[in-house]
Amino acid sequence: MAIEVERHYVPTINRAAEPQDEREQLVKRVMNQKVLVPNILSLMPAWPSAINPAQEKTSEEVDRWLATLKIDEKKKTKHRKRGNYNLLTAIYYPDCKEDKILALTQFLYWIFFFDDEIDTGGELTKDAEGTRQQIKDANQCIEDCLGPKPNYTPPPGVRYTVEMLYPILRDLRAGLYPVSLERLRRELHDYVNGVGRQQRVRTADRLPDPWYHFQIRSDDVGVVPSITQNEYAMDFELPDHIRYHEAVELIVAGCTKITILLNDVLSLQKEFRDSQLENIVLLFMNSYKLSLRSAIDRVLDLIREHYDICVAAEERLPWSKTDDKLNDDIREYIRGTQRLATGTCYWSYLCERYIKNSQVNEKWEALLDLSYVD
């Protein structure tokens, strides 16, 4: 039976423990546990997954591009070996033409490089001033490349994760229609500013309330720009009156939340080993004194809940009675939104960014190991 917990959307404080003790106590409760997580894809049965066959053809092109980046070779190798974002692109956009896959793959590399730089254990994790400058420079890059007067030349002195973004946004802009372009510009600003907010949460004295943390991540997570990039991948422009229709908004929000939730479950082992405790599973354990198993079950229940909301919203989509092309575009946009959830899950099982392939059995159940031994 699922354990119900009350939802709070403002930070709460556990005053029973000092800040450092709070983290230490949570680590002790979790340390050395193993837990079998069911096949999360099975929680989204109506949303299939597929892989773009062109991903193998573009793999060498991605390697040549990576070689040009001013990034530590060990970092590039780690992301290429464990992340395989070329595969993630192929799962997100299974019907995309081959000539657009490179720019989409480059964008996903940028997302992970940028996030990891500020995330726990990154170069800027504890550098508040460096992070503020990085956020400022990234926002300027977005305006330079996607604003009304495009400029694709990085200013001197910016960090590599800003410098590499300029040509990526240049290429994406070339394939986007005006409405989609403006939407992507706003969404990227939300994402970049959100990374800064999340860093402040991670460096706070106390662990955050799980519902508050979930809300701020849902508001500005990086999957939303990847949803808009379906319009680049499949060469269409969704009108704003369709994109912001209540049913479409609900599906975008729901799939975003599902993606965050399943990512927190499947990345739990990695984040625990990285001492990144701002994971909703661990935050549920901390705030509500749940066991590890109960906290994971609660997150899985939330995935089911948001999946049901998304499926129900499809009945209210604003289909046209006369415009078949618009209906095709709506259908593609919704499928692309769903793929952000199923694709992230499918990729997490196939790559080794979060867990080793040997930890996933033939039923696609994942055995997470909450120890510090890799």
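Predicted model: local features only at pLDDT ≥ 70, side-chain atom pairs only at ≥ 80, totals over all residues.
**Notebook: salt bridges, rings and overall fold**

I started with Arg186, which comes out as partly exposed at 31% relative accessibility. My cut-offs for that term: buried is under 20% relative accessible area, exposed is over 50%, and partly exposed is in between (1.4 Å probe, protein chains only). Residues are numbered from 1 along each chain as its sequence is written, and side-chain values use heavy atoms, with hydrogens and water left out.

**Entry 1, helix 9.** I looked up the partner of Arg186 and found Glu182, in a salt bridge whose closest N and O atoms are 3.4 Å apart. I count a salt bridge when a side-chain nitrogen of Lys or Arg is within 4 Å of a carboxyl oxygen of Asp or Glu. Both residues belong to helix 9 (residues 178-202) and sit 4 residues apart, about one turn of the helix. Glu182 is also partly exposed, at 30%. Bridges with shared partners join Glu143, Glu182, Arg185 and Arg186 into one network.

Glu129 is partly exposed, with 48% relative accessible area.

Which residue does Arg353 bridge to? I traced it to Asp116, with 3.1 Å between the closest N and O atoms. This pair links distant parts of the chain, as Arg353 is in the loop between helix 17 and strand 2, Asp116 is in helix 5 (residues 98-118), and 237 residues separate them. Both ends are buried: Arg353 at 11% and Asp116 at 17%. My tally for the structure is 23 salt bridges.

I counted 17 aromatic pairs in the structure. One of them is Tyr346 with Trp364, a tilted pair at 5.7 Å centre to centre and 40° between the planes. Tyr346 sits in helix 17 (residues 324-350) and Trp364 in the loop between helix 17 and strand 2 (366-370), 18 residues apart. Tyr346 is buried at 18%, whereas Trp364 is partly exposed at 28%. For pairing, rings of Phe, Tyr and Trp (its six-membered ring) need centres within 6.5 Å; planes under 30 degrees apart are stacked, over 60 edge-to-face, and the rest tilted. I also noted one aromatic cluster formed by Trp65, Tyr85, Tyr109, Phe112, Phe113, Trp347 and Tyr354.

I get 17 helices and 2 strands, taking DSSP runs numbered from the N terminus (helices H or I, at least four residues; strands E, at least two). The radius of gyration is 20 Å, close to the 21 Å that the globule rule gives for 374 residues, so the protein is as compact as a globular protein of that length. That radius is over C-alpha atoms, and the rule is 2.2 Å times the number of residues to the power 0.38. The C-alpha trace spans about 55 × 50 × 40 Å along its principal axes. Of the 374 residues, 57% count as buried.
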